[in-house]
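Trainee: I have a chain to read. Please take me through the features one by one.

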Amino acid sequence: MTIQELFKNKFNELMVQDNNLSSELRRRQDDYEKISVPHDQFIKYNKLGWDTDKAYKTRIRLRKVKDPEIAFEDGIWALFAKLGFSSLNKDRDLSIPHNDNFTAGQEVNILAIDDECILLVQSRCCTGDPQQGDFKATIQDIGGKKDGIIKTLKQLYPNSKHKIKFILATKNYYLPEQDTQLLANYDILHFDEETLEYYQDLSKYLGLAARYQLLGNIFSGQTIPELENKIPAIQGKMGGHTYYSFSVEPERLLKIAYVLHRNKANKKLMPTYQRLIKKSRLTAIQQFIENIGFFPNSLVINVETEKSLHFERANTQVESSISKIGILHLPKTYRSAYIIDSQHRLYGYANSDYRQTNSIPVVAFVNLNRTEQVRLFMQINENQKAVPKNLRNTLNADLLWNSSDLEERIKAIKLQVAQDLGEDIDSPLYDKIIIGENPKTSSRCITIDSVKTALDRSNFFGVINKNTIRKEGSFFIGDSEATYWKLLPFLKEAFRYFKDNLKNEWKAGENNEGILSINAGIISLIRIFSDVIDHLIAELKINPKTEPNEKVLEECKPYFIPLLDYYNNLSTEERLDLRKSYGDAGRAKYWRKLQQVISKAKNNFNPDGLSKYWEDEAKQYNEDSFKMIRDIETHLKSDFKQSLEDYYSANWFKKGVPPQVQDAAVLLANQKNRELDDNEQEIDQWDCMTIIDYRRIATYLSNWKDVFDKKYTKPGEEKMPGGKDEKTKWMQKLERIRNQNVHSYSVKKDEFEFLCEIHEWLIETE
């Protein structure tokens with residue numbers, strides 16, 4: 001028997017098939033590796049990290065957490081098993097011959113086979129922060145042996161027409177350009193962790209139907225031989241486009257349908273616009289269908305075809321009608337029908353017995369470009385469930401990219417930059433920006449709108465008015481693609497500088513008080529990058545549009561270093577203040593603070609408006625503070641008098657006011673009245689009371705107990721020890737703030753908050 005024959009006979013033993021898949025799937029999905037050893041081997045294995053899982057009479061089952069690379073590989077294996085691949089490799093490293101005599105083999109981490117296709121996967125995983133991979137040797141190794149491996153597989157399955165695809169799957173790696181190009185040259189796909197997570201999520205919701213989304217991505221445009229593609233249809237015109245209306249069994253449409261979900265799995269198909277399928281909604285639709293429910297309204301799809309869609313008109317037509325009836329020939333290819341609207345309705349049938357016996361109405365457009373698809377999707381959904389702002393921002397990055405309006409094109413660049421800062425694994429902001437309808441998390445808390453706002457307020461793009469450039473921007477080259485590819489890498493590297501040098505401050509989350517990768521921090525850094533660039537253009541005459549980003553960043557670093565010192569020496573109070581930089585005012589203050597830090601270290605760095613801002617900021621609380629003080633004084637003057645009159649009647653001033661306060665008030669009133677010519681403007685002694693006088697009155701003799709205790713003890717201080725002296729100290733603080741020189745003194749934030757508290761207590765709730 002030849003080596004070829006030996007391998008062919010042994011091959012089935014190397015694979016897990018059909019009924020045996022479920023037990024292997026459980027093992028692959030387990031978080032632990034497990035082995036069984038005799039009891040006397042326990043100590044040996046325990047030193048290697050194995051712990052007891054279950055003890056038996058003569059043996060003991062041990063377990064340890066899977067190595068990250070093994071866990072990653074097992075996750076991919078499990079995904080393919082759940083997507084309906086009927087045969088997968090048993091061992092972790094399967095060697096497949098690639099030469100004619102079957103003497104040399106190529107190790108493959110995962111081999112997945114079904115009736116239609118064969119997938120071969122090499123997986124690579126690293127822990128920690130994402131890093132740049134170097135897979136040149138791996139790609140060349142696979143690529144050089146690819147033809148031999150395919151030949152071997154065809155010998156193993158001589159009567160089949162399997163489609164074969166090689167995949168490099170990575171986790172926590174981003175690929176350099178040379179590796180990306182090598183993959184393309186060898187026709188090898190790259191799946192990163194986000195792509196795999198997308199299909200794993202989809203498989204939870206769709207079950208086996210998610211397989212068509214995967215195959216549509218892998219084998220786009222390739223033929224599905226067994227598909228019956230002829231459907232009775234009506235041809236019509238709408239909005240300048242030809243469309244076809246027909247009814248089809250869900251199972252047929254599922255095979256060619258593809259949903260442009262916003263996800264890196266579909267990044268090359270931009271613009272993508274659909275929300276990821278929601279399990280709760282899908283389950284509800286499935287139950288509705290199983291209870292004999294139905295949907296009378298149509299799915300909206302776009303059919304993509306290189307040739308004209310074949311439509312055989314019927315012999316009998318209504319001559320006066322614009323519409324025509326006949327037989328439509330749908331493409332027999334993967335990913336040829338893009339679902340624009342009602343994805344849940346289609347996939348609700350995926351795991352139902354009715355997918356073959358029901359039919360669903362469809363309106364099919366032909367060869368709409370992606371921008372038209374996005375526009376149609378938004379129009380449909382504007383009148384149904386509102387498209388959330390964050391998703392609209394994501395869609396507009398695609399919708400406006402080729403707009404004839406310059407302002408719209410620039411808006412699209414900003415939105416695309418914001419999106420890719422959050423989606424590109426080589427970005428320091430990877431998975432920190434909320435993209436589309438991805439949920440907000442403790443670490444993913446930055447909005448696209450915040451990044452766009454920062455870019456709006458920067459000078460990277462200049463000033464555009466009525467489709468004309470009014471002021472030249474530091475990075476705007478004119479062409480959208482050129483500007484995008486110049487600005488995005490610069491921002492990534494500038495952010496990386498801060499991330500690498502301020503690792504703790506970069507970690508913002510539920511259990512971390514980092515103050516950089518939050519909305520206010522990112523907005524401020526982007527604006528600082530722009531400020532420093534503008535300064536360098538003016539001082540050093542550098543040109544960021546033509547000079548390498550590496551050189552530009554090196555020129556920036558001396559201006560960034562003072563910020564590193566600032567962040568490294570923040571007090572707890574300063575850090576808390578920065579984290580609470582809410583709203584436009586708070587974010588502006590954060591940014592201006594960073595400007596101020598650089599300006600103190602670099603005397604010639606003085607951006608427009610910096611000095612005036614801090615002059616204004618120093619007195620930002622003054623106006624509101626002194627208005628509140630006037631309100632409080634007016635209240636005290638009126639209420640104290642009324643309270644004393646109510647208790648002492650006509651002799652209220654003589655009995656209720658301490659003698660020294662009376663004497664001082666009478667003296668002051670006489671002095672002021674002597675200076676007046678108009679007797680009608682004269683004041684009395686009560687008009688001369690100060691806040692501290694009210695405190696003396698409140699604490700005089702039994703006044704506190706009998707008159708003022710209940711009214712003028714601050715809420716929450718009723719049981720405060722120290723009696724009336726302690727409970728009226730707030731009046732001393734109020735008097736001190738009141739007596740500061742209005743024009744030279746700046747009310748501090750804590751003083752302002754104190755005034756707000758007193759004002760709300762005495763005035764707003766009275």
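Mentor: Start with the surface. The protein chain has an accessible surface of about 38,200 Å², and 46% of that belongs to carbon and sulfur atoms. Such areas come from the Shrake-Rupley method with a 1.4 Å probe; for residues, only the protein chains shown count as cover. This is a predicted model: local features need pLDDT of at least 70, side-chain atom pairs count only at pLDDT 80 or more, and totals for chains, interfaces and linings use all residues. Residues are numbered from 1 along each chain as its sequence is written, and side-chain values use heavy atoms, with hydrogens and water left out.

Trainee: How many helices and strands does the protein chain have?

Mentor: Helices (H or I, at least four residues) and strands (E, at least two) are DSSP runs, numbered from the N terminus. The protein chain has 30 helices and 27 strands.

Trainee: What share of the 766 residues counts as buried?

Mentor: Buried means under 20% relative accessible area, exposed over 50%, partly exposed in between (1.4 Å probe, protein chains only). Here 50% of the residues are buried. Leu215, in helix α8 (residues 210-218), counts as buried because its relative accessibility is 0%.

Trainee: Which residues is Leu215 in contact with, leaving aside neighbours within four places in sequence?

Mentor: Contact means heavy atoms within 4.5 Å. By that rule Leu215 meets Phe85, Cys117, Ser220 and Tyr334, with neighbours within four places left aside.

Trainee: Which residues touch the most other members of the largest nonpolar core?

Mentor: In general, nonpolar side chains of soluble globular proteins tend to be buried together. A nonpolar core is a set of buried Ala, Val, Leu, Ile, Met, Phe, Trp, Tyr and Cys residues joined through side-chain atoms within 4.5 Å. The largest one has 65 residues, and Phe490, Leu491, Phe495, Phe498, Phe529 and Tyr567 touch the most other members. Helix α18 gives the most to this core, with 10 residues. A second, separate core of 64 residues includes Ala78, Cys117, Tyr199 and Leu346.

Trainee: Where is the nearest side chain of opposite charge to Arg695?

Mentor: Lys and Arg count as positive, Asp and Glu as negative; His and the chain ends are not counted. A salt bridge is a side-chain nitrogen of Lys or Arg within 4 Å of a carboxyl oxygen of Asp or Glu. Arg695 sits in helix α26 (residues 691-698). Arg695 is buried without a salt bridge, and the nearest opposite charge, on the side chain of Asp725, is 4.4 Å away. The backbone oxygen of Asp725, however, lies 2.9 Å from a polar atom of the Arg695 side chain.

Terms used. Polar contact = N/O pair within 3.5 Å; in protein donor to acceptor, adjacent residues only side chain to side chain.
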